[in-house]
Amino acid sequence: MKSLFEELGGTYTLSADGMYYPNLSLPEEEPHYGKYGRMRLHYLKEHRKVLYNTLVLEGKLVAHLNEIDDTAHRRMERLIRQMQERQGINEGLKARDQMAWVGAMNNIRNAAEEIALSELI
């Protein structure tokens, strides 16, 4: 009689201690997520426990976190570029008044991050 694990395609290995252990493997995708992926992970654990458990059990959590992190970075870059163009923050301002350029860029980056966080995380 086969176990459910064997019926689903799982296999066992006999170890030196005479016990059979299941052959388990980790997901194929390597984690490369950063700040935004970790924030999404924390959000899922705290507020969306069912979705978190589903992603873990299906082996899709790392892929989901990598995708969220990549998407957040792309969205931030696009928003920063668009806000720079609308506000006229360019290299000319940087050459004339570096402190004004730094302040404007910090404000733009913070605003873009708030937008990306509310949309994705």
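Visitor: Which residues have the most contacts inside the largest nonpolar core?
Guide: M76, I80, I89, M105 and I108 do, in a core of 17 residues. A nonpolar core is a set of buried Ala, Val, Leu, Ile, Met, Phe, Trp, Tyr and Cys residues joined through side-chain atoms within 4.5 Å. Buried means under 20% relative accessible area, exposed over 50%, and partly exposed in between, with a 1.4 Å probe and protein chains only.

Visitor: Which elements give two or more residues to this core?
Guide: Those are α4 and α6. The largest share, 7 residues, comes from α6. Helices here are DSSP runs of H or I with at least four residues, numbered from the N terminus.

Visitor: Is this a prediction or what?
Guide: This is a predicted model, where local features need pLDDT of at least 70, side-chain atom pairs count only at pLDDT 80 or more, and totals for chains, interfaces and linings use all residues. Residues are numbered from 1 along each chain as its sequence is written, and side-chain values use heavy atoms, with hydrogens and water left out.

Visitor: OK, what does I108 touch?
Guide: I80, M83, Q84, Q87 and I89, not counting residues up to four places away in sequence. Contact means heavy atoms within 4.5 Å.

Visitor: Is N66 buried or exposed?
Guide: N66, found in helix α4, is buried at a relative accessible area of 1%. Leaving aside neighbours within four places in sequence, N66 is in contact with E29, E30, P31, H32 and Y33. A polar atom of the N66 side chain lies 2.9 Å from the backbone nitrogen of H32.

Visitor: What about R81, how accessible is that?
Guide: R81 is also in helix α4, but counts as partly exposed, at 45% relative accessibility. The C-alpha atoms of R81 and H32 are separated by 24 Å, and the two residues are 49 apart along the chain.

Visitor: What comes just after α4?
Guide: G88, which takes a positive phi of about 70°.

Terms used. Polar contact = N/O pair within 3.5 Å; in protein donor to acceptor, adjacent residues only side chain to side chain.
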